Amino acid sequence: MITKIITEDDYKATDNALQAIIKKGASLGGMDFLPDSDKMEFTRLGYMIKEWEDIHYPTPIIVSPLVKKIEERMSALNLKQRDTAKLLGISEGRMSELLSGKRRVSIRIAKRLRDSLNINSDFILDNL
């Protein structure tokens with residue numbers, strides 16, 4: 001029994017084992033009809049596969065058009081993240097979260113982007 005996926009072959013074997021449990025569940029009429037041992041194995045294999053895929057097949061982070069526009073304006077105005085945060089009246093940490101996509105742009109910040117960085121308000125609203 002594999003306890004950690006180390007190689008691509010381990011990954012394939014783990015995925016095959018997971019697919020076999022899914023097939024068994026489907027033949028019984030749903031995953032709820034599986035014995036508890038199969039349900040626990042399904043969960044264990046799923047976590048192992050997720051851990052492997054997070055490392056070897058990461059999902060690319062999609063940068064929003066608004067973040068791209070903010071970065072373009074920062075570059076055009078020769079502003080660093082710290083300067084932009086000060087201009088917008090927010091902390092450097094909050095600015096970092098906005099640029100990384102971890103925090104959404106509020107209406108208050110949207111107005112400041114319009115006024116301070118001269119980003120078109122329609123563009124901002126369309127990309128919130």
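1. Let's start with arginine 94. Setting aside neighbours within four places in sequence, arginine 94 is in contact with Arg103, Ser106, Arg108 and Ile109, contact meaning heavy atoms within 4.5 Å. Arginine 94 sits in helix α5 (residues 92-100); helices here are DSSP runs of H or I with at least four residues, strands are runs of E with at least two, and both are numbered from the N terminus.

2. Before going further, a word on what you're looking at. This is a predicted model, where local features need pLDDT of at least 70, side-chain atom pairs count only at pLDDT 80 or more, and totals for chains, interfaces and linings use all residues. Residues are numbered from 1 along each chain as its sequence is written, and side-chain values use heavy atoms, with hydrogens and water left out.

3. A salt bridge needs a side-chain nitrogen of Lys or Arg within 4 Å of a carboxyl oxygen of Asp or Glu.

4. Glutamate 97 does have a partner in arginine 103: the two form a salt bridge with their closest N and O atoms 2.8 Å apart. Glutamate 97 is partly exposed at 29% relative accessibility, and arginine 103 is partly exposed too, at 37%. Recall that arginine 103 is also on the contact list of arginine 94.

5. Across the whole structure, the search turns up seven salt bridges. One of them joins lysine 24 and aspartate 38, with 2.6 Å between the closest N and O atoms. That pair links distant parts of the chain, 14 residues apart: lysine 24 is in helix α1 (residues 8-28) and aspartate 38 in helix α2 (residues 36-56). Lysine 24 is partly exposed, at 38% relative accessible area, whereas aspartate 38 counts as buried at 15%.

6. Glutamate 72 is partly exposed at 47%, as is lysine 69 at 27%. Lysine 69 also lies over the face of phenylalanine 123, 5.2 Å from the ring centre; the cut-offs are NZ of Lys or CZ of Arg within 6 Å of the ring centre and within 35 degrees of the ring normal.

7. Now the aromatics: the structure holds two pairs. The rings of tyrosine 11 and tryptophan 52 have centres 5.9 Å apart and planes at 25 degrees, so this pair is stacked. Tyrosine 11 is in helix α1 and tryptophan 52 in helix α2, so the pair ties together parts 41 residues apart in sequence. Both residues are buried. Rings of Phe, Tyr and Trp (its six-membered ring) pair if their centres lie within 6.5 Å, with planes under 30 degrees apart called stacked, over 60 edge-to-face and the rest tilted.

8. Tyrosine 11 pairs with tyrosine 57 as well, this time tilted: 5.9 Å centre to centre and 50 degrees between the planes. Tyrosine 57 lies in the loop between α2 and α3, so this pair ties together parts 46 residues apart in sequence. Tyrosine 11 is buried at 13%, while tyrosine 57 is partly exposed at 42%. Tyr11, Trp52 and Tyr57 form one aromatic cluster.

Definitions and conventions:
Buried means under 20% relative accessible area, exposed over 50%, partly exposed in between (1.4 Å probe, protein chains only).
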